[in-house]
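Please examine the sequence and the structure shown below. The paragraphs that follow lead through selected parts of the structure in turn.

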Amino acid sequence: MTLGQDYACALARAFGIAAGAVLMGVAVRAAIASCPRRLARLLWLVHIVPFLTPVLLVGYAWSRYASSLIHYPAWNQALYTLLVWLRLTPVATLILHFAPSAMSPEATWCHKLLGKRMGGCVDGWMNVGERQSSNHPFLQSSPLLFWLHSSGRAFAVAFVVVFLLAFGEFEMASLLCIPSWTVTLFDAQAGGLALGESLRMAAPGLLIGVALLGLGLWLLFTAPTRGIRPAPARSAMGRAARSLVGLYLLAALAVATLLPAWLVLEGAARGLGLLPETLALAKEVMASVVFGLAAAACAYWLSVIGCRLSGCRCAIAAALCIPGLLGALVLALLILALFQLPGLRAAYDTPIPLVVALTLLLLPFALVLRMLVSALRPGEASHAARLLTASSESKLARGGRRVLWHLEGQGKLAVAFLLFCWGYFDLTASAILAPSQMAPVIYRLYNFMHYGQTAALSTMVLVCFAVPFLLCGLFFASFRVLRG
Amino acid sequence: MSSPLWKLDNASLAGSGMPRLDGVSLEIQPGVTAVLGCSGAGKTSLLNLLVGYERPDEGNVVSQVPRNHALPVYWVPQGGGLWPHLTAEEHLRLVMSPKAERGGALSMLDSLDLVEKATSRPDELSAGERARLSVARALMADAAVLVMDEPFANVDLARIGRYWAVVRRRIAETGASLVFATHAPEAVLAEAERVVCLSEGRLLYEGTVADLYWRPRTREEADCLGESNWLSPDEARLWLGREEDAPRCFRPEQVEVAPADASSIVVQSSRFKGSVAEVEVLHEGVGKRRRFVHRPVADGLKAGMRVVLRVLVGEDGRCQ
């Protein structure tokens with residue numbers, strides 16, 4: 001396949017994945033909305049877990065099946081498309097649920113009640129083309145504009161984001177031997193291609209990414225918004241449709257999380273005796289932890305500042321997010337080029353380029369997560385708890401701190417932990433930018449994975465993937481000891 | 001007068017389009033103070049500054065709240081500010097001083113008709129119940145000052161008086177001061193000693209409730225505490241037969257509209273509204289019309305009836 005064909009193939013695949021993810025996201029969101037609160041929380045968790053499962057784990061687990069499909073490229077493509085779709089559908093659902101909307105559900109319903117007066121659906125949509133003046137009431141009340149101001153914008157933004165993530169996907173494509181522009185580019189770069197040539201190869205991907213990002217940002221910021229959308233009212237979804245969505249959620253969890261985890265655990269169980277040998281990776285694990293912590297701390301700090309900005313400064317913060325949204329591969333190449341400039345060359349082959357790249361990669365997620373946590377945080381309830389901490393009586397002050405931890409602390413810690421995990425599990429930027437003396441463990445494992453699945457490798461994968469959770473447990477334990 | 005609880009010096013809070021608070025300078029005194037204003041006047045913004053929920057974009061807010069209670073300040077925010085993971089009883093237990101009686105929480109819930117909801121979490125309560133729980137939590141916190149933002153919003157009108165009595169009793173027991181926001185003049189007249197009136201983010205009036213009710217300086221001030229008759233000296237002479245040096249306010253209960261066959265004032269229309277009635281009269285001698293509000297004895301005025309207007313009670317509320 002030529003690079004042009006790779007790009008065309010990736011575009012078509014990303015289009016299909018994005019459309020499928022948005023459609024399934026709509027169904028999942030409606031099904032969850034129709035469930036009682038506790039069940040809804042469980043379903044959200046089940047739905048999001050496949051996205052949070054490290055992509056390398058999924059790719060490693062399914063690579064054995066992919067290699068058996070080597071003579072059936074179409075089936076291999078289908079498997080890859082399915083896995084990416086299962087991983088990215090939660091992103092679409094989350095965007096559909098939380099994307100800021102200009103219109104409340106009540107306002108949308110009020111507009112629907114005017115349906116008969118507006119004429120038929122086709123007549124209503126025709127209003128857009130027939131009336132030239134944007135001030136004309138018929139134009140302002142056209143269903144197309146209403147749709148764009150209500151649910152339509154969230155659909156479009158969800159589509160754009162999922163499309164970008166699917167279009168720039170590299171890790172799984174590489175492990176499943178899928179022809180893709182990202183794999184071609186990465187292999188060429190790893191094979192010693194000159195950086196300028198690599199950047200020329202990446203230019204179409206970069207342009208597509210920038211164009212779509214521009215569209216997404218335009219959709220998000222050109223219309224008035226009324227903030228983060230609250231939980232939707234209970235939908236009247238039929239039992240059969242809800243059962244189908246339930247089946248999808250279970251299947252997604254099984255395929256994208258449980259089965260890969262089982263395959264690794266099963267292999268690790270066979271290779272338990274080799275556990276001491278994984279100590280050889282201690283240096284790489286430590287490097288990954290350091291990079292993950294540094295990038296998470298920087299991104300978190302920048303997101304805290306970004307959330308406080310307004311006006312032009314807010315636009316600068318949004319612009320800082322753009323490199324991260326272009327994908328790890330394009331970003332890593334750009335950072336590599338940047339640190340080969342005369343003024344910055346001294347920092348080349350140091351941890352700085354990788355920390356910068358990981359920070360920029362994590363920044364959009366950090367900002368979105370921080371905004372979500374801020375928007376969902378009950379501000380008045382938090383302040384009511386904070387007032388208690390000013391008490392001269394220790395019982396009241398302690399009670400206030402406990403409530404504050406529940407309302408704010410846990411959410412912030414969860415954001416920080418997620419950022420650390422994303423930084424820790426990054427492969428693409430690490431492979432391109434890690435200093436020669438500090439190779440992150442994920443890159444080392446990725447190289448081993450090309451030689452197939454073995455018990456020893458599964459044990460290493462298990463240990464490597466357990467590290468963030470062990471660290472988190474350690475942090476909680478010491479936190480509890482310190483708090484008494 | 002004892003030292004003020006808060007001093008605001010030219011405090012401003014930016015808003016979208018126009019400021020939410022615009023250069024407000026005032027002192028909040030101990031006792032019961034109402035913050036009065038229509039929707040969007042800046043009541044919530046002022047209270048948010050007092051409790052430190054927001055900081056002024058310009059100016060200063062200096063707290064001088066005494067430290068003689070377990071908490072200096074506690075708050076009933078507009079949205080309730082309840083903790084989603086705690087039951088109603090747990091809300092109260094968490095803020096109670098260790099020295100407080102164990103049965104105090106249930107007793108407080110009972111007095112605000114929430115005892116049956118003691119084990120319910122906020123998402124299982126109605127809007128009115130949430131508002132009452134937020135008040136109950138503040139009352140149980142041993143705070144030197146309670147700041148309540150429209151404390152009984154969404155509560156049945158018929159029960160509000162009983163709940164205010166609970167608040168009154170509690171602050172009398174604990175010696176706490178109370179600052180509350182409301183748009184209801186009745187609540188100000190019944191509960192507050194002092195009042196702060198806001199309009200479009202600006203301070204309109206700060207002083208005693210009695211002064212605002214009986215001696216407002218402008219029609220705008222007069223309107224803060226409900227309907228009134230604002231008359232210039234000429235109008236007072238024409239309609240009431242009184243000599244006044246300056247325009248002044250006559251409250252509905254100060255004005256009597258009584259039938260009088262020989263009068264040149266003729267009722268054009270009359271609307272009975274319960275405790276207040278509205279009457280439109282024509283002065284045949286000068287051909288002028290005017291609307292008056294008064295306290296009716298009954299729905300007795302009819303169009304075409306000749307009447308006389310008299311002032312019944314003076315500025316101090318005593319009968320003349």
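B:Arg295 counts as partly exposed because it has 16 C-beta neighbours inside 10 Å; a residue is buried with 20 or more other C-beta atoms within 10 Å of its own, exposed with 12 or fewer, and partly exposed in between, the C-beta atoms being placed from the backbone. This is a predicted model, in which local features need pLDDT of at least 70 and side-chain atom pairs count only at pLDDT 80 or more, while totals for chains, interfaces and linings use all residues. Residues are numbered from 1 along each chain as its sequence is written, and chains are lettered from A in the order in which they are written.

B:Arg295 belongs to the loop between strand E15 (288–294) and strand E16 (306–311) of chain B. Helices (H or I, at least four residues) and strands (E, at least two) are DSSP runs, numbered from the N terminus. Leaving aside residues up to four places away in sequence, B:Arg295 touches B:Pro252, B:Glu253, B:Ser275 and B:Val276, where contact requires C-beta atoms, placed from the backbone, within 7 Å. The C-alpha atoms of B:Arg295 and B:Ser275 are 6.0 Å apart, although 20 residues separate the two along the chain.

Also in chain B, helix H3 (residues 104–111) has the buried residues B:Ala105, B:Met108 and B:Leu109. They lie on the same side of H3(B), because they cover an arc of only 100° around the axis; the arc is that of the directions from the helix axis to the C-beta atoms. Helix H2 (88–95) and helix H4 (127–140) of chain B are included in what covers these buried residues. Just after H3(B), B:Asp113 takes a positive phi of about 55°.

Attention now turns to the nonpolar cores. Such a core is a set of buried Ala, Val, Leu, Ile, Met, Phe, Trp, Tyr and Cys residues joined through C-beta atoms within 7 Å. The largest one has 120 residues, and A:Ala158, A:Val162 and A:Ala357 have the most contacts inside it. Helix H9 (residues 151–167) of chain A gives the most to this core, namely 14 residues. Domain 1 (1–103 + 151–270) and domain 2 (279–484) of chain A both contribute residues, so this core lies between them; the domain bounds come from an automatic or database domain assignment. Apart from it lies another core, of 82 residues, including A:Leu407, B:Ala11, B:Ala34 and B:Ala131.

Finally, where the chains meet, 18 residues of chain A are in contact with 20 residues of chain B. On the side of chain A that touches chain B, H18(A) supplies the largest share, seven residues.

Key:
Two residues are in contact if their C-beta atoms, placed from the backbone, lie within 7 Å.
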